[in-house]
Amino acid sequence: MIHYGQQHIDDTDKKAILDVLDSDFLTQGPKSLEFESKLAHTFNARHAVAVNSATSALHIACLSLGLGPDDYAWTVPNTFVASANSVLMCGANVNFVDIDLNTYNISIDLLEEKLKEAYKQGNLPKIIIPVHFSGEPCDMEKINNLKLKYGFSIIEDASHAVGAKYKCGSVVGSNKYCDITVLSFHPVKIITTGEGGACLTNNPVLAKNLKKFSSHGITRDPEDFHDKSNGLWYYEQNQLGYNYRITDIQSALGISQLNKIDSFLKKRKILAAEYDKLLADEDVVKPIYSKGSALHLYVIKLKNNKFREKIFTEMRKSNIGVNVHYFPVHLQPYYKLLGFKRGMFPQAETYSDVCLTLPLHPKLEFNDLNFVVDNLLRHLK
Ligand SMILES: *Cc1c(COP(=O)(O)O)cnc(C)c1O
């Protein structure tokens, strides 16, 4: 099987894990702290809080920004369900902004329109969660300008965009345009810890809260105590948190993977350029991506839905792991029960009917890529 995405693990990764297994701490030891400081350094953020998934990271990011039952948060339909679920996990209301049909990211024009309307109706969102789909950063400068006007907070869901750069050259995670950036380390993403994720922020108060929410709402910082400490053993739970901690085993793998991120990104770029070249004169819509994209996904568009289904079935029969990113979140049965319907976000729906993700990951060989393209072209004719 040629997978659409897959981890790249080598001997240094394996050794890093074995070293932890021989050490004193499997969790809450030195490797987790080292991973967090390496994350902060790599992505140019002041603080990093590593957790057990990006879903957990999104949840504590929403909590730390104060999202609660009467609030609204908006994201896009063209994403993994977790981006929207994190809002519901806080008991808040979720809504969506349709995508731009060139980048498949949030449409800035539609966002602005929806904000104007929400302002009139008095239900402005507390948080906007733009998703850097396929590794291509959203136009954060424009979203940040709208933030200054309307006063919401921003969580960038950078699950696809670990190592990506904005147009201005700053690295995603530096929080130039947002309050918190969320990364995923699931095996299909840019780097992996098995399961894992992180929040990056430049705000020390948010950093402290993120850490606390990730570990039961417990603090050992005397400055943060509500009651008087009555001994060196003393710790305090003063809010409701979760056990979202990452282990030292995962963190050791994460440190080792971070050392290779540049070579992973470079390989993705070379493979994407090869797809671009081989598909140049063919009857498919190729992805538009910038120099700074992390190229997590290489997504093409086909002429119609029936044709997509046919090609999908044929390629899967040939053991090619093509995929669909994404079936729109608002059309999931759970979201339809909340009142969302087909027709509400037509651009994400149209896109979803014809998109096809081709395999792209750092272990993909050129002969595999050629096999994928030959197979695709055979069915296109
Ligand atoms: C993968 C992904 C997530 C969730 O990541 P996990 O680490 O698996 O929890 C969230 N948002 C997007 C856009 C993703 O692709």
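Tutor: Let's start at Glu36, which counts as buried at 10% relative accessibility (buried is under 20% relative accessible area, exposed over 50%, and partly exposed in between, with a 1.4 Å probe and protein chains only). Before going on, note that this is a predicted model, where local features need pLDDT of at least 70 and side-chain atom pairs pLDDT 80 or more, while totals for chains, interfaces and linings use all residues. Residues are numbered from 1 along each chain as its sequence is written, and side-chain values use heavy atoms, leaving out hydrogens and water.

The side chain of Glu36 meets that of Lys211 in a salt bridge, 2.9 Å from N to O (a salt bridge is a side-chain nitrogen of Lys or Arg within 4 Å of a carboxyl oxygen of Asp or Glu). Why can such a pair form? Side chains of opposite charge can pair when their charged atoms come close. Here the partners come from distant parts of the chain: Glu36 sits in helix H2 (residues 30-42) and Lys211 in helix H7 (residues 204-213), 175 residues apart.

The structure holds 16 salt bridges, and a few others are worth a look. Lys147 and Asp179 meet in one of them, at 3.0 Å from N to O. Lys147 belongs to helix H6 (residues 140-150) and Asp179 to the loop between strands S5 (153-157) and S6, so this pair ties together parts that are 32 residues apart in sequence. Both Lys147 and Asp179 are buried.

Lys317 and Glu314 form a salt bridge whose closest N and O atoms are 3.6 Å apart. They both lie in helix H10 (residues 305-317), three residues apart, which is about one turn of the helix. Lys317 counts as exposed at 61% relative accessibility, whereas Glu314 is partly exposed at 26%. There is a network of salt bridges too, linking Asp10, Asp13 and Lys260.

Look at Leu200 in S7: it is the bridge partner of Thr181 and of Ala48. S7 itself (residues 197-201) is mostly covered, with five of its five residues buried. Gly197, Cys199 and Thr201 point one way from the strand, and Ala198 and Leu200 point the other way.

A nitrogen atom of the ligand is 2.8 Å from an N or O atom in the side chain of Asp157, and one of its oxygen atoms is 2.8 Å from an N or O atom in the side chain of His160. Helix H3 (54-64) and helix H4 (81-89) are the elements that give two or more residues to the shell around the ligand.

Technical notes:
Helices (H or I, at least four residues) and strands (E, at least two) are DSSP runs, numbered from the N terminus. Two strands pair if DSSP finds at least two bridges between them. A polar contact is a pair of N or O atoms within 3.5 Å; within protein, one must be able to donate a hydrogen and the other to accept it, and residues adjacent in sequence count only if both atoms are side-chain atoms.
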